[in-house]
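Reader: I've got a structure to go through and I'd like to know what stands behind each label. Can we take it piece by piece?

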Amino acid sequence: MALLEAKSLTKVVVPSSLIENPSPGNLQSTRLALHVTEDRSSCFVYIASGCHVYKVQIRMDDSLVSKGKESLLIPEHSQVMDSSVLTRCPHRSEVQSVVLAETDSNAYMVLGSVDSYGHLIVSKLDTSGKDVERLTYSVLPQDCGVGEVSWAGLCFNPSQWSMAAVARSFSKSIDVYDQDIHLRTLRTLWYPSSLNFIQNLSHVNGSSNIVAVTEGCQLTIWDLRMKENGGLLHRICGSVGDILYAVCSSSTGNIAVAGADRTVTIYDPRRWSALSRWVHCSKYEITGLAFSSIDSNYIYVQGVDYEVFCGQWRESSKVFSFRGDSNWLGFSKCSNRDVLGGWSDSGSIFVADVVAKRD
């Protein structure tokens, strides 16, 4: 098992000329995505406020990470290298989720955004961050966006970026698309709050077909190949009243969920049983989860009390943590690297670079 440590923790302030007053968003802080350059010298952070998506470039300098009380990491202050608004994201309501998908090509990546009506826009971005003017496709929801506005989530199939799933809370639905073609709609019993394609559980022609969704107090697993029972594969019910807000999967296929009960639960999808429960690991509700790309025995947990920590879920022990300076509007981890990014209500962006500790 590798030992993880924070290589750097950087804090920058988004220029008020770019975003003066960020829109409040939802409890789920899903309005941020980030991409690290190949040389790890900087990263591009994409954040959403109102109807627009913005790009902020941040330098990632090596620095000694200092610690304060209770071993909290203290961020180093830095400056924004570049910032701009993406002109090819014409949403008509508040953007609820922003997601980046890595492609097979090293020349470009894919940025997806979905607004509170469920309108999905996917754009190709140059990995250098220079070319952001190529619109790939745009998809309206099946009801053409005439319903109530609500939180909407988005995830890409990690092995097939053209496949995307869009969750709409008030509609109690998950729409699955192959680019701009609607494949099917999954109906949930409760309001969906998070969704994720599961890795390494079931592969057909190299692609994943299993979607995990948190709805109310339960975790629901859908198989996109199944027609019976609407594609429902399995449902795990938690404590009534304890709403789940986050779900993620590891490279080994394990599934993690967390929410209002402040407990991280790891499930083994082969037996649909709990491998581990990290009880009351956070002081307040947990709204974000991500397994480490270096070692899946570690997980990153983000709560509504501004705290983010890394811990070993088998040992139920924290490794390190840091805090934002106000409510999180967006938080995310790179899909293939242990780089975390968070955007707070005060306009600050925090970027943590985590590596395996050297002997």
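**Labels and their cut-offs**

Author: Let's start with R262, which is partly exposed because its relative accessible area is 25%, and partly exposed runs between buried (under 20%) and exposed (over 50%), using a 1.4 Å probe and protein chains only. Before going on: this is a predicted model, where local features need pLDDT of at least 70 and side-chain atom pairs pLDDT 80 or more, while totals for chains, interfaces and linings use all residues. Residues are numbered from 1 along each chain as its sequence is written, and side-chain values use heavy atoms, with hydrogens and water left out.

Reader: Where is R262, and what is its phi?

Author: R262 is in the loop between strand 24 (255–259) and strand 25 (264–268). Its phi is positive, about 60 degrees, though R262 is not a glycine. Strands here are DSSP runs of E, at least two residues, and helices are runs of H or I, at least four, numbered from the N terminus.

Reader: Why is Y306 called partly exposed?

Author: Y306 has 28% relative accessibility, so it counts as partly exposed. Y306 also has a positive phi, about 80 degrees, without being a glycine. Its loop joins strand 28 (298–303) and strand 29 (307–312).

Reader: Which residues does D305 contact, leaving aside neighbours within four places in sequence?

Author: S282, K283, Y284 and R323, where contact means heavy atoms within 4.5 Å.

Reader: Now the whole protein chain. How do you know that its radius of gyration agrees with a compact globule?

Author: For 359 residues a compact globule would come near 21 Å, and the protein chain has 19 Å, so the two agree. The radius is taken over C-alpha atoms, and the globule rule is 2.2 Å times the number of residues to the power 0.38.

Reader: How many helices and strands are there, and what share of the residues is buried?

Author: The protein chain has zero helices and 33 strands. Buried residues make up 56% of the 359.
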